[in-house]
Amino acid sequence: VLDLDGILVHSDWSRGRGWRTFKRPGADDFIRDMAQYYELVVYTSQLPTYADPILDRLDPHRMIQYRLYRDSTQYVDGRHVRDLSKLNRDLKQVLLITSDPQAYALQPDNAIKLPSWKMEEGADTTLFDLLPFLEAVVRTNVRDVRDVVKSYEGQHIPTAFKERMKTVAERQEAKKQHQRGFLGKR
């Protein structure tokens, strides 16, 4: 489940040009790659009149299977919160990728929390960096994604995952070296 604003796009207003929406670097590739592994849903607190034109341009091949808008959110303490239980899917297999802390208030264990993209200077690779983690979740057939998300609590998941994989690779290499040394002594 993908949040629209802050994750896939950023909308900006200026007096000279009015509202403009900018696509996050890598958003097209991210959607295309993840559609191979996941049932993609965009769940936004925006109205369809705002979100649909953006999604039509962002996803012309309709790889995002479902679009949920403000009317599908829960209104809690003055905020529009995404209620993943309304998706009619097993929450053990649902991930919400968002930058809005209010979005995941009802199911925080399902949320991958990323920094909001606001067209900062420099190359943004956040979505690209997240791909290996999301692919690994599918390839390892994780029983409950919430356990995996909890294991990264308080960490930037793409960076922490990369470090964990580096450690695993180093251990495997050390094990290979040890086995070669043991066999070589015979």
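## Working through a predicted model

**Exercise 1.** Work out how the span of helix 3 (residues 126-139) compares with the expected one.

*Solution.* Start with the length: helix 3 has 14 residues. From first C-alpha to last, helix 3 reaches 21 Å, close to the 20 Å expected at 1.5 Å a residue. Keep in mind that this is a predicted model. Now look along the axis: helix 3 bends by about 25 degrees at P132. Just past the end of helix 3, check the backbone at N141, where phi is positive, about 50 degrees.

**Exercise 2.** Find out which partners the side chain of D83 has, and whether K86 is within or beyond salt-bridge range.

*Solution.* First place D83: it's in the loop between strand 6 (79-81) and strand 7 (96-98). D83 is buried, and K86 is its nearest side chain of opposite charge, 4.2 Å away. A salt bridge needs 4 Å or less between the charged atoms, so D83 has none with K86. Next, go through the polar contacts: the side chain of D83 pairs with that of S85 at 2.6 Å and with that of Q74 at 3.4 Å. Finally, skip neighbours within four places in sequence, and the contacts of D83 are Y43, Q74, L106 and Q107.

**Exercise 3.** Decide why D71 counts as exposed.

*Solution.* Locate D71 in the loop between strand 4 (64-68) and strand 5 (74-76). Its relative accessibility is 67%, and the cut-off for exposed is over 50%, so D71 counts as exposed.

How values were computed
Residues numbered from 1 in each chain as written. Predicted model: local features only at pLDDT ≥ 70, side-chain atom pairs only at ≥ 80, totals over all residues. Heavy atoms only, no water. Helix = DSSP H or I, 4+ residues; strand = E, 2+ residues; numbered from the N terminus. Buried < 20%, exposed > 50% of the residue type's maximum accessible area, 1.4 Å probe, protein only. Lys, Arg positive; Asp, Glu negative; His and termini not counted. Polar contact = N/O pair within 3.5 Å; in protein donor to acceptor, adjacent residues only side chain to side chain. Contact = heavy atoms within 4.5 Å. Expected span 1.5 Å × (residues − 1). Bend = angle between axes of the 7 residues up to and from the residue.
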